[in-house]
Amino acid sequence: MKKDHVPMRTCIVTREKAPKSELMRIVDNGTVMLDTTGKVRGRGASMKKDIDVFNLALDKNHLERAFKRKIHKEEKENLRVEVEKYLSREKLQPVEGKLSVRVQGEKVKLN
């Protein structure tokens, strides 16, 4: 049986390798922005889905090194707001996709 290929990426802050789906992608296509689809054109940088790792990337200039350019203060603040919203939504999503629970013996599926 053939195994499915799982694309791996390296976090620019922790240098840990992880599946692409477990990391978030920041892209520079003229402006620095969060790429939630993985299809935005431009130079990309992957990092763990953790607010502490993201803050460390901004404070220690990991993103500036990855994009080989200076990131302005306004861009950093816009990106910080965007990432905080994204991570708060990610925490609300079920891990395995579909979720089902039993209520008084009846199985109920939640989407």
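This is a predicted model: local features need pLDDT of at least 70, side-chain atom pairs count only at pLDDT 80 or more; totals for chains, interfaces and linings use all residues.
## Around Ser46

Setting aside residues up to four places away in sequence, Ser46 touches Arg9, Thr10, Cys11, Ile12, Leu23 and Met24. This serine sits in strand β5.

## The nonpolar core

One of those Ser46 contacts, Met24, turns up again in the largest nonpolar core, which has 21 residues. Which members touch the most others there? They are Met24, Ile26, Met47, Leu63, Leu79 and Val83. Strands β3 (23–28), β4 (32–35) and β5 (43–48) each put in at least two residues, and so do helices α1 (51–59), α2 (62–67) and α3 (73–92). As a general pattern, nonpolar side chains in soluble globular proteins tend to be buried together.

Skip its neighbours within four places in sequence, and Val83 is in contact with Met24, Ile26, Leu34, Ile51 and Phe54.

## The chain as a whole

Zooming out, the protein chain has 3 helices and 7 strands. Reading from the N terminus, the order is β-β-β-β-β-α-α-α-β-β.

Now for some overall numbers. The chain has 111 residues, and 29% of them count as buried. Take the contacts between residues at least 6 apart in sequence, and 45% of them join residues at least 24 apart.

Key. Residues are numbered from 1 along each chain as its sequence is written. Side-chain values use heavy atoms; hydrogens and water are left out. A nonpolar core is a set of buried Ala, Val, Leu, Ile, Met, Phe, Trp, Tyr and Cys residues joined through side-chain atoms within 4.5 Å. Buried means under 20% relative accessible area, exposed over 50%, partly exposed in between (1.4 Å probe, protein chains only). Helices (H or I, at least four residues) and strands (E, at least two) are DSSP runs, numbered from the N terminus. Contact means heavy atoms within 4.5 Å.
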